[in-house]
Amino acid sequence: MPPLLEVSNLTTHIRTRRGVVRAVDGVSFTLEEGETLGLVGESGCGKSMTGLSVMGLLPRGGSIVGDSSVRLGGRELVGLPESDLRRVRGNEIAMVFQDPMSALDPTKTIGHQVAESVLLHRGGTRAEAADRAAEVLGLVGLPHPRERLGDYPHQLSGGLRQRVLIAMALVNEPKVLIADEPTTALDVTIQAQILDLLADLRARLRMAMILITHDMGVTAGHTDRVNVMYAGRIAESAGTGPLFRAMRHPYTQSLLASVPRLDRGPTGQLPTIPGLPPDLTDPPSGCRFAARCQYATDRCRTAEPELTGPATHRYACWHPTDGPRPAEPVDTPMDVEVVLPAQAAAVASAAVAERPVLEARDLVREFPVRGSWLPGRERRVVHALSGVSLTIGHGETLGIVGESGCGKTTLGRLLVGLDRPDSGTVTLDGTDLGRLRGRELRQRRRDLQMMFQDPFSSLDPRMRVGSILREPLQIQGLGTTSEQRERVAELLAEVGLPAHAADLYPHEFSGGQRQRVGLARALALTPKLIVADEPVSALDVSVRAQVLNLMRGLQVSHGLSYVVISHDLAVVRYLADRIGVMYLGRMVEVGSADDIHLRAAHPYTAGLLKAVPVPDPDVERAKHGAGVRGELPSPLAPPSGCRFRTRCPLAQDLCALEEPTPRLFATGHTAACHFPLQTPLPDASPALTGDPA
Amino acid sequence: MTAYLVRRIGQAVVVVLGVMVLTFFMIHMVPGSAARATLGTRATAERIAMFNAAYGLDKPLSTQFLTFVEQAARGNFGTSYSMQQPVSTLIAQRLPRDGLLLGLSTLLALAIALPMGIYQAVRRGRIADHVFTVVSFVLYSMPDFFFALVLIAVFSVQFHLLPSEAPQAESVGGILADPQGLVLPVVTLTLVSLAGFSRYMRASALTTLAQDYVQVARSKGLPERLVLRRHVLRNSMLPVITILGLSAPSIVAGAVIAESVFNYPGMGLLFYQAATSKDYPIMLGSTLVVGVATVLGSLFADIAYSLLDPRIRYVDA
């Protein structure tokens, strides 16, 4: 009997103005019933294009060429007329896309969108299709599916929308489900729920699944076999366990090594993969990874390795490695001093005690809902921040984590003075920012800079990098033109960009390089504090490590303080000395990185940590249940008492009645919970110790 | 929805009042007097004084304005100096004619532009797209009287297929009884507005086609025709709705050139004649009508928006 899905020598070319992109180049794999195959790699490696090619959904200019073959149950799909392919799509092979926010038609009800597939492939009446839609929406965990058929996508949260998309894909019980980064756009808590749902449905419906992802943690926990892709080809193909334990390809090894790990203590410099993937309009002649590989020899640069090895573990490499890289890297590609956060933390906590750089007290920020000033309407506000206090010492990094909507970005904006609190104060070196106006405020802004998430939209596309970096100096009137130019050159060197970068425009850089420009811009005024809002979440894994290393290096050389805001707990753990966990406008727990990771006191912190996928199959398989159930309640009407109680496994009546006050668990470790997971220090309220939570 | 409508109507009243104030005072800033323009250059000072007294033009401007507003509120826009008929009667005669002509041509233009824009977007960069683009720009850059004359030359003079004159009946029913006469003027005005609509539709459809939900629709196995009809069309129409709302005032303002070429006296000619003869009541009356149409047009656009896009439903939720 032939395998359920057999892809052999799949080659997809895309004609563009720059030439023909060989997006997928001779990819072969099989998929058996009930199995999950991971397609793993960085952006542009061809993993999504492989999925789209199987579906026959190619972008403009795309075509499947050569002797490519995609067989579903023995039936060849390549070359099938469009009308026949349409009968396969959404019926025998279905797809779930990445971004639930944009993957649903905003003008159609969800019932209509799910029923559309049923009517198309199964026929029947509209009422029957609606029944089926409700049934499947219930199956994917949409509460009260029948009543919600008439809902529009914008009425649902991201997590629920992804459930609707999954329902759309499953409604005809396909044999193969292709999930393309199904949880990348979601919070970790929701990600864990959705991944569990997919695994459960796959088992119940006896489906096979192709899981396309860049996340090694997701791969470890949710795949049976993995194809690691690089530059349009499969670099390594193995069972998930063997791949993580004994990878043979240096790319797999580097990829895994460069991920910041939540389950490991603080490490030194993250190993990085230098350089960028090759241009697929003109791929190199030898091994495609050779230019970035530390083991590469002349042979690698001239002859391309084929997939070899036993059928269960194949790899394309002339110099296969044996298992993961040792924990401490021998050579680091960048000559930045390695500083362990533990050391920094020691320095930092001394600094905090001495004199904080920045201090925020009882910050409250509320945004009125549009139109609610009208007579006859209830005045409604979004409670973005409800009394948050924190301190940041010299040279310290404070990480802020929490789900989207918890107020962490609002907090960041208040800290750098881009927005003003409704009440509460932000004090910089003893000066209350709220009292500064005009020129004084402008001058103070030097000390507080911001680094943004999206390296594509945070740099003006019509300004040269030189002008972007000079602008803050010009605004502050620092130095003559030639001094400013010198400073620009200095900044570029500091962030590891060549001097001629000053004459280029942002679009001429890669994402990682742009983020370096963003960092240089933040550094231009030699600030005391940089607030980095999701500094690496838009970057690929290998590039992410480069930027993280750079941020840490610059912190040491400049004595900078950072506030790192991120939903990625591993990134925060890597950078931060202390971590604050936010939930729905409140700071629920603050402590040293170790306090948070090893001795979390708040059930929310513990749940959040549990939800983070760890790139280790054994750890991932041992987990049971999602870390945090349900979704974030609306910040328009936060729950009474403890705001987390609606999702908390330990909640009792008291939690609804009384708001918990922060309690001290160790020096600098506070959490606001009635039923904490750790024992609080006896009779020591944080107010007495002088350390605000 | 009620609160929303109340707010919009409040806005409308303010806008229309503003239009009235501006027009009133700007008209009176134009040098030359209405009396001179109506009675001729040889009129005696006595007759001019009589004229001014008869129409209240001898009073201070502010008093004149208040009188005008007070009368307008009762639906009385005064009597035309030159035509000696109530302005409301004149507008009631002319407005439906333009509504018919421009309404028909706008609908026709939309009916062509929407599919054309989507078709171009789908075939982006191919020959068909380029051809339609060139045609659009040619149409866009040509003046309407030129179309009108070419169409008349070909269809009336050369082939005697269609009359060169629009229907002369007074009522809408009478005009519709002679549909042949409407063909050339409607076609002329359609060609004029076609280009704008189709360019907007093309740009908007391009954006929609790049959305994930279009790819999702394809991944369900929907035929491309249905993908376009169900998921692309409605989502692409929003920007066109804005343009449509903005074009509402031009529907009631008339089309001077087409009206004169096809001898179809409408609002455009009425205003033109009033402006040349300083016929204040007509000028004020038509401006008011255009002002109201502007407000209604944008209200219409907003309501259409909310019908097309559930994200912008104006409900008290």
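Ala666(A) has His669(A), a residue of S24(A), as its bridge partner. The model is a predicted one, in which local features require pLDDT of at least 70 and side-chain atom pairs count only at pLDDT 80 or more, whereas totals for chains, interfaces and linings use all residues. Residues are numbered from 1 along each chain as its sequence is written, and chains are lettered from A, with ligands numbered from 1, in the order in which they are written.

Strand S23(A) is joined by 3 bridges to strand S24 of chain A (residues 669–671), the two running antiparallel; strands are DSSP runs of E of at least two residues, and helices are runs of H or I of at least four, both numbered from the N terminus. Strands are taken to pair if DSSP finds at least two bridges between them.

Chain A contains 24 helices and 24 strands. Its radius of gyration, taken over C-alpha atoms, is 26 Å, close to the 26 Å given for 693 residues by the globule rule, so chain A is as compact as a globular protein of that length; the rule is 2.2 Å times the number of residues to the power 0.38. The C-alpha atoms of chain A fill a box of roughly 75 × 65 × 50 Å along the principal axes.
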